[in-house]
Every structure is written in structure tokens, then in C-alpha cells.
Amino acid sequence: MEKASLLPADTYIVKNCTVLDNENRNILFKLYQPIIGSVAINLYLSLWSDLDTTQIISVEHTHHNLMTNTRLKLEDILEAREKLEATGLLKTYVKYSSINNYIYELYSPLDPKEFFENPILASALENNVGKKEYKNIIKFFSIPKIDLNGYEDISMSFGETFDVSLSGFTSDNISNIRKVNQVDIIISEKVNINDILEHIPEEYLNKKSVTKEIKSLISKLAFIYNLEEVELAELIRNSINEKHIIDKDMLRKNCQNYYTFEHKGAMPSLVYKKQPEYLRNQVSDGTKRSKMIYTYETTTPYDFLEGRNKGVKPTKNELALLETLLIDYELTPGVVNVLIDYVLKINDKKLTKNFILAIASQWKRSNIKTVEEAMNICKKENKTKTVTKPKTIKKEIKPEWYGAVLEEDTASEEEIKKLEAMLEKR
């Protein structure tokens with residue numbers, strides 16, 4: 001799909017395809033913002049505010065007007081818009097002309113129950129806010145339990161309260177009446193679900209029972225657990241109940257159990273996750289350092305290492321090392337990328353486990369969370385090495401990796417371009 005270039009003079013109108021209320025704001029801020037960031041949420045709310053008094057459609061605006069109101073650059077608006085599209089909050093249509101005309105359709109966020117049942121969104125939220133805050137968010141949206149033991153339901157039915165008469169009733173076309181509308185999140189299809197289902201005999205599975213909802217769940221589970229078609233087919237077989245229907249809860253549990261067994265108890269692999277939005281650098285000045293920060297922050301450790309391996313997939317030992325850094329040492333994905341790049345530079349392109357873990361231990365103690373903090377500590381150690389130390393009788397204890405030489409910028413312009421080109425092909 002060709003991307004349309006966005007210009008300030010391009011026009012847009014906003015169409016409300018759902019019913020929006022203040023509860024949506026709570027959901028957007030608490031569930032979606034940690035994943036897509038405040039800029040994307042700001043754009044959503046700005047488009048919402050463009051609607052007319054009937055909350056249905058806006059007048060025509062230019063993107064220059066949107067830039068002025070949000071104080072955002074055009075490229076920031078485009079990036080934020082794509083995040084809204086990917087998470088099902090917005091659909092975009094364009095009509096090409098000398099001045100392109102856009103239609104932005106607003107959709108409701110998932111309700112809390114649907115959100116937490118979505119394995120991709122729930123996993124992304126937990127990864128970005130941490131387990132403790134994730135539990136607090138679940139608690140916020142939970143309904144308190146009240147013991148109804150001893151109480152009697154005395155609620156009146158409609159028929160007991162009103163007399164019903166159908167005289168004069170006409171059944172008009174109500175297909176365009178407003179209702180809560182949602183769009184499923186957009187993910188790259190990792191597996192061909194139809195091919196998988198074709199290999200499951202009819203006597204095991206009632207193919208007519210496989211709804212779009214179930215197919216969507218299969219796609220999401222394949223994505224979040226990084227499952228191949230052969231693995232997924234077996235997991236689906238084991239999740240078919242006595243009615244020859246795929247049990248969704250059983251499938252979720254089987255995928256989780258399979259993953260934790262294969263990865264020695266670890267939950268979904270973090271090697272495929274990117275630096276959390278709230279820990280990213282918000283300022284880019286176009287320098288070589290800014291470009292490298294952006295690459296570290298927007299590339300998963302898996303893809304980054306594959307890029308550094310010139311397209312060769314990481315080995316099982318390398319993947320285990322990445323997961324150790326992310327899970328046991330609790331380093332963020334962007335920081336892991338800096339660490340991997342640093343070690344390859346100073347250790348003759350070898351990822352020696354003990355050497356890497358020695359650095360990771362110090363970074364964990366120093367609470368290194370952002371890419372800039374990681375790059376700065378590398379630069380600091382490099383500078384410290386060049387300072388002449390006074391002679392002393394007491395031998396100073398230094399970390400194993402102390403004094404390793406690192407260039408001020410960890411990659412050349414040519415290396416950055418090669419890495420970006422490799423990632424674009426994925």
C-alpha cells in the first residue's frame with residue numbers, strides 16, 4: 001500500500017463512526033497512552049474536538065490548522081496518526097489531487113474487558129508500565145464484588161411496568177443509527193490461518209465454527225508468542241473441545257504453557273519488543289547521534305542483532321542472552337540494543353556472555369533506562385580511560401569491561417544506513 005505524502009495544505013474532515021463519551025477518555029489515558037504515547041492521544045482528542053455540535057462530522061480543515069492547534073510538526077502528526085490506525089482508533093481515507101483530501105474516521109477504544117482479553121494490547125501495556133502498575137490498572141477498571149447472599153432480586157420487567165401496543169408502529173431503516181463501533185488492531189499476518197485449518201480434519205474441527213473473532217485471536221497469539229504454523233496447528237488441535245469447536249480460553253492457555261515450557265518458564269519473548277514510548281527521546285535534531293538513538297529506540301533487540309549479523313537470524317544462545325538481559329536484568333529493549341552494539345564494537349564483534357552480563361549488572365545497579373543514559377555511560381567510561389590516573393598503592397577495583405574503547409558515536413553513517421535498509425526489507 002503506497003503511503004500518501006502529507007502536506008500542510010492538504011485538507012481533512014473528521015467523521016465520527018461511533019459514540020464517544022467521557023469514559024473513553026479514561027480508557028485512552030490509562031490503557032492506550034502507555035502504548036502509543038501522549039502525542040497520538042493528543043491527536044485523537046484534537047480530531048474529536050473538531051466535530052460539530054452534533055458530534056458526527058466536522059467542517060473541512062487544513063493540516064496546517066491541525067499543526068497550529070496541536071503545536072506538532074507534520075511528521076509527528078503522521079507518526080501519531082499511524083499509531084492510532086494500528087491500534088484501531090482511526091481509519092484514514094485519501095483522495096489524491098493537487099491538494100489531497102483526507103477523511104479521518106474515529107472509532108471507540110476497546111472497553112476494558114476486551115482490551116485485557118486482547119493478548120497483544122494487554123502484553124504491550126504490561127511491558128510498558130510494569131507488572132505492579134499493570135495490576136493497579138486492572139484494579140481500577142474492576143467492579144467491586146458485593147456479597148448478595150440473603151438479598152432478593154425484586155427488579156421489575158418491562159411488561160410488568162408498561163403496556164405494550166404495536167398499533168401504528170412502522171419499521172423504518174435504522175441501519176445508519178449511531179452505535180459504538182470499534183476496529184480491530186492491525187498486525188502483520190505471521191501465519192496463514194486458512195492453510196493451518198485445512199490440515200485439521202473435519203472430524204476433529206467444525207470449520208464453520210471458526211469465526212472471524214477466533215481467526216483474529218489466532219493471529220494475535222501467533223504474533224505475541226512468535227509461533228510458527230506447525231507449532232500453532234498442534235496447539236489448535238489440542239484446544240478443540242468435545243463439541244469440535246476451538247475453545248478460546250484453552251487456546252490462550254495452551255499457547256502460554258507451550259511458550260513458557262520452551263523458554264524455561266519465561267513469559268512472551270521480549271526480544272521482539274521495542275523501547276517503551278514513554279522512555280523514548282522526544283527531540284530529534286537530525287544529527288548522526290539522533291538518528292542512532294532513533295534506531296536503537298524503534299528496533300527490537302531481535303531485529304537489531306539480526307541487522308548486526310548482516311541478516312543472519314540470532315542463534316538460540318544469542319536469543320537466550322537477549323532474554324536474560326530483558327527479563328533477569330530488566331534492561332529496556334533500547335538499552336539492550338546499545339549494550340549489544342557497544343560489546344560488538346569493543347570485543348572484536350564477539351558476544352561473550354560473561355562480558356556482557358558484567359556490563360549489564362553495572363547498568364542495572366545504575367538504573368539505566370533510556371538509550372541516551374546508556375550511550376552516555378559508554379561515552380563516560382571511554383573518557384575516563386583517557387584521563388591520567390595518579391599512582392596509588394591501593395589497587396582500584398574496576399568492572400570487567402572498564403576502559404574498553406568506544407567511538408563517540410557507536411555507528412558510522414554507512415552502518416546506520418545499512419541497518420535501516422535491512423530493517424525496511426523485513
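Close-up 1. Glutamate 117 is partly exposed, with a relative accessible area of 36%, whereas lysine 113 is exposed at 58%. Here buried means under 20% relative accessible area, exposed means over 50%, and partly exposed lies in between (1.4 Å probe, protein chains only). The model is predicted; local features need pLDDT of at least 70, side-chain atom pairs count only at pLDDT 80 or more, and totals for chains, interfaces and linings use all residues. Residues are numbered from 1 along each chain as its sequence is written, and side-chain values use heavy atoms, with hydrogens and water left out. The side chains of glutamate 117 and lysine 113 form a salt bridge with an N to O distance of 2.4 Å. A salt bridge is a side-chain nitrogen of Lys or Arg within 4 Å of a carboxyl oxygen of Asp or Glu. Both residues belong to helix 5 (residues 112-117), and because they are 4 residues apart there, about one helical turn separates them. Helices (H or I, at least four residues) and strands (E, at least two) are DSSP runs, numbered from the N terminus.

**Close-up 2. The salt bridge between arginine 308 and aspartate 341.** The side chains of arginine 308 and aspartate 341 meet at 2.7 Å, N to O. Arginine 308 lies in helix 14 (residues 301-308) and aspartate 341 in helix 16 (residues 333-346), so the pair ties together parts 33 residues apart in sequence. Aspartate 341 is buried, at 2% relative accessibility. A search of the whole structure finds 7 salt bridges.

**Close-up 3. The salt bridge between glutamate 79 and lysine 83 in helix 4.** The closest N and O atoms of glutamate 79 and lysine 83 are 3.5 Å apart. The two residues are 4 residues apart in helix 4, so about one helical turn lies between them. Glutamate 79 is partly exposed at 31% relative accessibility, while lysine 83 is buried at 19%.

Close-up 4. Helix 4 (residues 74-86) has 13 residues and reaches 18 Å from its first C-alpha to its last. That is close to the expected 18 Å, a span defined as 1.5 Å times one less than the number of residues. Its buried residues are Leu74, Ile77, Ala80, Arg81, Lys83, Leu84 and Glu85. Among the elements covering them are helix 1 (22-36), helix 2 (38-49), helix 3 (63-70), strand 3 (90-95) and strand 4 (101-106); contact means heavy atoms within 4.5 Å. Just after helix 4, glycine 88 takes a positive phi of about 80°.
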